[in-house]
Amino acid sequence: MTPQDFNFIAALLKKHSGFSLVPGQLYLLENRMAPILRQNNLICLEDLVTSLKLNNAELRKSVVEAVSINNTRFFRNKYVFHIIEDFLNKKFSKGSEQTPIRILSAGCASGQEPVSIALLLHEMALKDEVNLDIYALDMSRSIIEKAQKGIYTHYEVQKGLPTRLLLKYFSPHTDNHWRLNENISKQIHYRVHNLMNLFNESNFDIILCRNMLSFMTAEAQTTALQNLSQIINANGVLIVGASEVLNTNDFFEKIPNKIGCYRLKSVDSKKNVLPSNWSLKKKPLFKSALPSNKD
């Protein structure tokens, strides 16, 4: 692949998704584009570039979607779910039982993250009158369609999902597949969405955007953070990947000593649900909902 062709695709991805593709990631491009080449009867990446230059909008959309990060598992990074549980306990301690709980999973891939959140909330045994809404976004149409079905292979459910929760919240679908029970799946609203655009729902208490922002250009990350700042509650928390460090921005600030947790800069920390001295409970109520370290 010529440097010119590589730069053409890199510029296309930057413009339409904010994804930062560097020359050292040619292997990633080759892996992600292989299915697209087969589907469109193209022989090589050079043929793909030629077709893209003909302004093939549908092909361009497929290319942009193909680079989205789809690596996921159930209850990935258990500390994140401790954060969610503790956040909600503090919210309810302030007499907010009647307030809807709205959580957003950005970059949800095939749904393991929002499903894990839904299972956590059920395991917390919240009061019946608590209204739960979980939105899950990904820019890949095919991956959202998979998530909406709520069907997972035996291999997928073995990755992070405790057997107790599998038997409680899933039903056998085929010899090698499990289907998420409807009472859980109906609480998750899946949407195809690109973080470069403002989402049309708002007032989220918690937004998870893990291991996505670091793959964006600085400009794209700023756009995404601005859009997220418009839809999060004043006292909400943004959770990013443990190793991610947000670029200097006007929208979010790090919550001291909390892994991957940010809040709006404009929020008075004395009124915030997650003040600077916030700490996790030593014994989270939902501890039994999570797989043990040896699972």
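Student: What should I know before reading the predicted model?

Tutor: Local features need pLDDT of at least 70, side-chain atom pairs count only at pLDDT 80 or more, and totals for chains, interfaces and linings use all residues. Residues are numbered from 1 along each chain as its sequence is written, and side-chain values use heavy atoms, leaving out hydrogens and water.

Student: At what angle do α1 and α4 pack?

Tutor: Axes are lines fitted to C-alpha atoms, for helices over the stretch in contact, and angles run from 0 to 180 degrees between N-to-C directions. Here helix α1 (residues 3–17) packs on helix α4 (residues 57–66) at about 85°, with the axes 10 Å apart. The two are therefore roughly perpendicular, a label for 65 to 115 degrees.

Student: Which residues of α1 and α4 meet?

Tutor: Contact means heavy atoms within 4.5 Å. Leu 12, Leu 13, His 16 and Ser 17 in α1 meet Arg 60, Val 63 and Val 64 in α4.

Student: In what order do the strands of the open sheet lie?

Tutor: Strands (E, at least two residues) are DSSP runs, as are helices (H or I, at least four), numbered from the N terminus. Two strands pair if DSSP finds at least two bridges between them. In this sheet the order is β3-β5-β4, with antiparallel pairing. β4 and β5 (residues 177–180) share 4 bridges, and Pro 172 sits opposite Trp 178 in β5.

Student: How much of the chain is buried?

Tutor: Buried means under 20% relative accessible area, with a 1.4 Å probe and protein chains only. That covers 52% of the 295 residues.

Methods: Parallel < 35°, antiparallel > 145°, perpendicular 65-115°, else oblique. Buried < 20%, exposed > 50% of the residue type's maximum accessible area, 1.4 Å probe, protein only.
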